[in-house]
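Reader: I have the model open and would like to know what stands behind the labels. Could you take me through them one at a time?

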Amino acid sequence: MKKILDLTQMKQKKKGTVIAVAGGPNLKKRLETLGIRKGAEVTKVSAQVMRGPIIVQVVNTQVAIGFGMAKKIIVEVEKESNIEKLAVKNEKDIITG
Amino acid sequence: MKKILLLGNPNVGKSVIFTRLTGTYVVASNYPGTTVEFTKGFMNLKGEKVEVIDVPGIYSLEPVSKAEEVAVDMLKEGDLIINVVDATKLERSLNLTLQLLKQNIPVVIALNLWDEAGHCGIIIDVAKLEKILGVPVVPTCALTGEGMHNLVLRLKEAKANTYLKRDQERWTEIGKIIQQVQKVTHRHHTFLEKLGDASIMPATGIFMAGLVLFLSFQVIRFIGESLINYVFEPAFNILWTPLMLKLSLILNPGSFLHKILIGELFKGEINYTASFGLLTTGLFVPLAMVLPYIFAFYLVLSFMEDSGYLPRLGILVDNIMHTVGLHGLAVVPMFLGLGCNVPGVLATRILEGKRERFIALTLMAIAIPCTAQIALIVGLIGKYGAFGLGIVFGTLFIVWLVLGLLLNLILKGESPEIFVEIPPYRWPYLSVLLKKLWLRTADFILHGVPWVLFGVFLVNILYTFRVIKFIGQITSPVITGVFGLPEETVAALMMGFLRKDIAVGMLLPLNLTMPQSIVACVVLAMYFPCLATFAMMIRELGVKDTVKSIFIMLVAVLIVGTTLNLILSRLS
Ligand SMILES: Nc1nc2c(ncn2[C@@H]2O[C@H](COP(=O)(O)OP(=O)(O)OP(=O)(O)O)[C@@H](O)[C@H]2O)c(=O)[nH]1
Ligand SMILES: [Mg+2]
């Protein structure tokens, strides 16, 4: 299952693929220079509180992107399937209990 | 003369390579945007003298800041390009490389940070890359100088226009090239990377930022105080005083030359903060009061710069910076401004637009005192403990914030968002760090101390001709009436146009009360930039905007000075 989100909605540590940049050619070009373009794989590293910058990892560079800009970057993420969730839960149970 | 340009992405080592090639030192730090203007140097190429030019880093040939404009403009002048490429970020770097290969100017590629690529498990087939691009590709490690000789040898093989595929296909082409030449082996996260992640998580990040700033402050204070108490003051008292007393006898107290060189004696003794001669106060203030703090401040700043912490701090405070119309990256000019406003003003070039630069410059000139000034403020107010210093710096911080809020509200436009590459953490390379520290300290001695001496000389002349008394009487309605300061402080305010440290120093012998000292320090810090900063502001903002900025400054100082005087005189 796939899910379409913008960068700000993405969860921490999750990986996604950029499918579109919802902005003008200037924004696209600017994002491109640091490797954020259609097809690029990004991993979200962290997000600052109160609509602060979003930090993502692209190839082996970390990039800080202002909140508004990050909203315009649309990514596709693999949705956690129920089976996976269960597996994680079980694992936790085993560790804790 | 042939001109060689050093072009490449930001933070790839262009400036270190420039220093290696020309022997001319330029500042290099671990964050994008260290270099904001071009520097020229010379190199000998088989008996021929050629010019080498270090320029700001760019991601593409379409500039997004003043600094990047400088670089793109330089392109017209170049006869040869050394394209410096970050070997750990080959894919992204090639975007610029492929553009440069179409510019009709011969190119050679320096594959820098080769050592780091090795540590990251990145393997690049250099021969193949060279074949695909059609120009020499030389692996280099600028820090140690490895590969530099080879780079110079191969300059003659430079070629232009070797890769003419269409722009639209650039990223597809890059993808293909990478597949052919690069292999990445898997490896585990290093300690530095984990630390890097922790310092940009909101919770741990803010905690670490607090810790870093607190420690920096303590280290600066400890080093500064120790140097003063155990090195410089004893040196002056034990070695210099006897010499001066001998000179005093020869010159004969009361003579004009004695007044200029030694100044006044108090009960036959020299008082280094009050005598006000060129060889007494003129040397003591810059060398024994300011220099130790300059050294300590730049030591700590260099660590922050070279480790890569500064941009991370910027990201954490991005929100705060937005309230004053700037974004997180503006911490870089602000921090540099705390050392000396002149490089701080220059560093605002990394900000995107005119509006941000105006705000940043105005805030810096009004509310960011330089280290030299801070050192003297500590000397004057430190005796009242943390309370007095807290009021001075707290007031300046509030002014910074409120003024920023107002400017952000009033000025048309919006603050752009941060978009910046975070450099990897690196252990500072000691010899590089010490060199930078030494050059910044030397810069203060060479350019700061003469101005202090000139200022002391000028004050003596002005006193002798009673100019200061005259101006004091004219300005006393404001100075005494509004700020509650004695007439004599006018001399300090006049000196403030020239240099702020010695200006604060002139308050030392006046026996001001605590409220007076505080008001005087705040007013001196705010009311006008020193001459060097002023000249820099005109250069960067133009006359019209500088006048605006100065107007805001004068209004602000009147309001703040009056209010502070009212509150403090009530309290005491
Ligand atoms: N390990 C390693 N570090 C390097 C090398 N070259 C440069 N550095 C470091 O990388 C950082 C950036 O170097 P600079 O010379 O300031 O980079 P620049 O390309 O001039 O950067 P901008 O002026 O911001 O465009 C500094 O901290 C250098 O010490 C290298 O070959 N190996
Ligand atoms: Mg540089």
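Reader: What makes β1(B) and strand β4 (residues 80-86) of chain B a pair?

Author: This is a predicted model, and the label rests on a count of bridges. Two strands pair if there are at least two bridges between them. β1(B) and β4(B) have five bridges, in the parallel sense, so they meet that rule. One place to look is B:Leu6, whose bridge partner in β4(B) is B:Ile82.

Reader: Which other strand is joined to β1(B), and by how many bridges?

Author: That is strand β3 (residues 48-54) of chain B, joined to β1(B) by four bridges and running parallel. Here B:Ile4 stands opposite B:Val52.

Reader: Why is strand β1 (residues 3-8) of chain B called mostly covered?

Author: A residue is buried when its relative accessible area is under 20%. In β1(B), five of the six residues are buried. Helix α3 (residues 90-100) of chain B gets the label too, with 10 of its 11 residues buried. Among them are B:Leu90, B:Arg92, B:Asn95 and B:Gln99.

Reader: Let's turn to the metal. How do you know that B:Ser15 and B:Thr35 coordinate the magnesium ion (ligand 2)?

Author: The cut-off for a donor atom at this metal is 2.8 Å. The OG atom of B:Ser15 and the OG1 atom of B:Thr35 are at 1.9 to 2.0 Å, so both count as donors. The two residues come from distant parts of the chain: B:Ser15 is in helix α1 (residues 14-22) of chain B, while B:Thr35 is in the loop between α1 and β2 (39-45), 20 residues apart. Please bear in mind that water is not among the atoms, so the site may look incomplete.

Reader: What makes B:Val12, B:Ala142 and B:Arg426 polar contacts of ligand 1?

Author: A polar contact is a pair of N or O atoms within 3.5 Å. A polar backbone atom of B:Val12 is 3.1 Å from an oxygen atom of ligand 1, and one of B:Ala142 is 2.9 Å from an oxygen atom of the ligand. B:Arg426 uses a polar side-chain atom, 3.0 Å from an oxygen atom of ligand 1. Each distance falls within the limit, so each pair counts.

Reader: How much of ligand 1 does the protein bury?

Author: Ligand 1 exposes 660 Å² when taken alone, and the protein buries 96% of that. There are 24 residues around ligand 1, and the closest are B:Lys14, B:Ser15, B:Gly33, B:Thr35 and B:Asp115. Of the elements, α1(B) gives the most to this shell, with three residues.

Reader: Now the charged pairs. Why is A:Lys2 with A:Glu78 called a salt bridge?

Author: The rule asks for a side-chain nitrogen of Lys or Arg within 4 Å of a carboxyl oxygen of Asp or Glu. For A:Lys2 and A:Glu78 the N to O distance is 4.0 Å. A:Lys2 lies in strand β1 (residues 2-6) of chain A and A:Glu78 in strand β6 (residues 73-78), so the pair ties together parts that are 76 residues apart in sequence.

Reader: Why is A:Lys2 exposed but A:Glu78 partly exposed?

Author: Exposed means over 50% relative accessible area. A:Lys2 has 51%, whereas A:Glu78 has 49%, so the two residues fall on opposite sides of that cut-off.

Reader: How do you know that B:Lys436 and B:Glu305 form a salt bridge?

Author: Their N to O distance is 2.8 Å, and the limit is 4 Å, so the pair qualifies. B:Lys436 is in helix α19 (residues 430-464) of chain B and B:Glu305 in helix α11 (residues 281-307), 131 residues apart. Both residues are buried.

Reader: What about B:Asp167 and B:Arg170?

Author: Their closest N and O atoms are 3.4 Å apart, and they form a salt bridge. B:Asp167 is partly exposed, at 42%, while B:Arg170 is buried, at 14%.

Reader: And how many salt bridges does the structure hold over all chains?

Author: The count is 29.

How values were computed. Residues numbered from 1 in each chain as written. Chains lettered and ligands numbered in written order. Predicted model: local features only at pLDDT ≥ 70, side-chain atom pairs only at ≥ 80, totals over all residues. Heavy atoms only, no water. Buried < 20%, exposed > 50% of the residue type's maximum accessible area, 1.4 Å probe, protein only. Donors = N, O, S within 2.8 Å, 3.2 Å for Na, K, Ca; no water. Near = heavy atom within 4 Å. Polar contact = N/O pair within 3.5 Å; in protein donor to acceptor, adjacent residues only side chain to side chain. Areas by Shrake-Rupley, 256 points an atom, 1.4 Å probe, with all protein chains shown as cover.
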